[in-house]
Amino acid sequence: MSQALAFGRFLAFGRHAAAARPQPGRDARIDIIRGLALLVIFINHMPGNVLAGYTPHNFGFSDAADAFVLLAGVSAALAYGSLIDRHGLAFGIRRIALRLRTLYIAHIAVFLIVCGVVAAAVTRTQNPLYIETINIQPFFSDTPTALLHALTLQYQPNYLDILPLYVALLALFPLIHLGVRLSPALTLILSAALWQGAVFLELNLPNTGSAGWFFNPFAWQFLFTMGVVIGRSRQLGVVAPRLRPLDIAAAGYLAFAVIVKTASGNPFGIAAMNDWIDTVQLGMDKTNLGWERVLHVAALAWLVVRFVPAGSAVLKSSGARLLAGIGRHSLEVFCAGIVLAIIGQVILAETAFALGVQLLVCAIGVTILIGLGVFLSWHHSASSRNAPAKPALTLGASGPQR
């Protein structure tokens with residue numbers, strides 16, 4: 001069976017050819033790209049610093065958040081999808097519930113730390129604008145209500161909105177996984193219908209002090225679902241077909257995005273495009289996941305899958321290994337990056353955004369995050385070597401047990 005037919009069969013029925021082989025081992029591409037995305041998110045969370053002007057969103061329609069959510073879907077499929085397939089839905093849901101608990105605790109902890117950092121900054125600088133910048137006025141004006149809303153994810157200060165989105169999306173994963181097992185194409189169609197329906201009906205979840213969640217989960221679930229489909233294809237060993245027209249279209253769209261984002265005004269001189277170009281140059285709809293973003297991140301994903309194989313030599317370089325260390329411990333690095341970015345915002349503002357200070361703050365923050373990734377990778381490796389051998393899995397009445 002040709003690659004194209006096998007790929008089409010997978011999209012339609014969630015199955016693969018008998019000759020297809022699941023890909024063994026951890027995919028370094030996921031960790032490396034996720035590690036790079038985390039560093040970009042850290043830099044972008046300090047508005048006004050010069051390096052933020054050279055991050056990917058200045059040269060394309062999507063940014064690090066889009067890649068992060070797509071990869072979250074890929075990782076969920078590879079980790080929890082495999083568990084559900086091997087040990088059953090109930091076992092997989094229990095594992096997901098444990099991860100959700102960890103994510104939720106991490107979010108609340110970062111929320112409290114950030115509130116403390118901002119409170120300390122305001123006390124030392126006598127500048128109350130930091131409270132408005134991070135949108136934590138509700139926490140100081142009505143602390144009990146703000147805490148209740150924070151605990152129920154109804155209150156998300158600025159820069160603290162990605163983890164709640166991931167909590168919501170991961171909670172939906174079992175349903176998405178079951179749909180993808182039956183038909184990836186149909187699941188994507190239903191997911192797209194939910195996305196566009198939410199945009200049309202202005203459907204979102206509540207967020208204190210804002211119109212709704214900054215990352216509307218009813219919209220962003222589509223990107224997550226795309227990631228689940230990609231992860232499922234790798235789990236089954238489905239190979240992306242060699243479709244030269246699609247390769248050219250993907251590369252052409254990325255080039256088109258660069259031209260539009262870096263131009264001053266309308267680079268094509270077509271009057272009908274003026275309003276659209278003004279919109280994308282000023283900033284597309286991130287809350288409701290503009291279609292330009294989806295096509296852009298899909299084009300990037302396609303080209304990576306097609307032209308950067310899992311065993312590529314570039315993935316084994318020293319720089320790639322450092323990024324992979326960050327990506328393997330994304331939760332810890334992300335939380336640290338949020339706190340460091342808030343501290344960095346205060347330092348930059350208090351030093352009048354001096355160029356040297358900007359570069360120094362970015363360099364120190366990136367070094368800390370890389371060092372954290374290296375340390376956690378070493379600690380995990382050392383713990384694995386020193387851990388006693390575990391007994392084999394045995395099947396109990398409720399699923400695999402140790």
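**Close-up views of a predicted model**

**View 1. D85 pairs with R181.** At 30% relative accessibility, D85 is partly exposed (buried is under 20% relative accessible area, exposed over 50%, partly exposed in between; 1.4 Å probe, protein chains only). The model is predicted: local features need pLDDT of at least 70, side-chain atom pairs count only at pLDDT 80 or more, and totals for chains, interfaces and linings use all residues. Residues are numbered from 1 along each chain as its sequence is written, and side-chain values use heavy atoms, leaving out hydrogens and water. D85 meets R181 in a salt bridge, with the closest N and O atoms 2.9 Å apart (a side-chain nitrogen of Lys or Arg within 4 Å of a carboxyl oxygen of Asp or Glu). This pair links distant parts of the chain. D85 lies in helix α3, while R181 lies in helix α8, residues 162-182. The two are 96 residues apart. Helices are DSSP runs of H or I with at least four residues, numbered from the N terminus. R181 is also partly exposed, at 33%.

**View 2. D66 and R293 form a salt bridge.** Their closest N and O atoms are 2.7 Å apart. D66 sits in helix α3, residues 64-87, and R293 in helix α13, residues 291-307. Salt bridges link D63, D66, K286 and R293 into a network. The structure has 10 salt bridges.

**View 3. R29 meets D27 in a salt bridge.** The N to O distance is 2.8 Å. R29 is buried, with a relative accessible area of 13%. D27 is buried as well, at 6%. Side chains of opposite charge can pair when their charged atoms come close.

**View 4. F111 and F139 form an edge-to-face ring pair.** The count of aromatic pairs is 16 (ring centres of Phe, Tyr or Trp, its six-membered ring, within 6.5 Å; planes under 30 degrees apart are stacked, over 60 edge-to-face, the rest tilted). In this pair, the centres are 5.7 Å apart and the planes stand at 85 degrees. F111 is in helix α4, and F139 is in helix α6, residues 137-141. They are 28 residues apart in the chain. F111 is buried, at 1% relative accessibility. F139 is buried, at 14%.

**View 5. F256 and F268 form a stacked ring pair.** Their centres are 5.5 Å apart, with 20 degrees between the planes. F256 belongs to helix α11, residues 244-262. F268 is in the loop between α11 and α12 (274-282). F256 is partly exposed, at 25%. F268 is partly exposed, at 33%.

**View 6. D247 is a buried residue of helix α11.** Its relative accessibility is 6%. Setting aside residues up to four places away in sequence, D247 touches W302, L303, R306 and F307 (contact means heavy atoms within 4.5 Å).

**View 7. F215 is buried in a loop.** The loop runs between α9 (184-201) and α10 (217-236). F215 has 3% relative accessibility. Beyond four places in sequence, its contacts include A65, D161, I162, L165 and W220. K286 and T287 are also among them.

**View 8. The largest nonpolar core has 92 residues.** Helix α4, residues 89-125, gives the most to this core, with 12 residues. A core joins buried Ala, Val, Leu, Ile, Met, Phe, Trp, Tyr and Cys residues through side-chain atoms within 4.5 Å. Those with the most contacts inside the largest core are V118, L170, F173, W220 and F224. Leaving out neighbours within four places in sequence, F224 contacts V69, A72, G73, A76, Y166, L169, L170, F173 and I176. A second, separate core has 14 residues, including Y253, L254, A257 and M273.

**View 9. Nonpolar residues form a surface patch.** Its members are V50, L51, Y54, F59, V258, L355 and L359. Together they have about 610 Å² of accessible area (Shrake-Rupley method, 1.4 Å probe; for residues, only the protein chains shown count as cover). Patch residues have over 30% relative accessible area and no salt bridge; like charges are joined within 9 Å, nonpolar side chains (Val, Leu, Ile, Met, Phe, Trp, Tyr) within 5 Å. L359 lies in helix α16, residues 355-386. L359 is partly exposed, at 40%.
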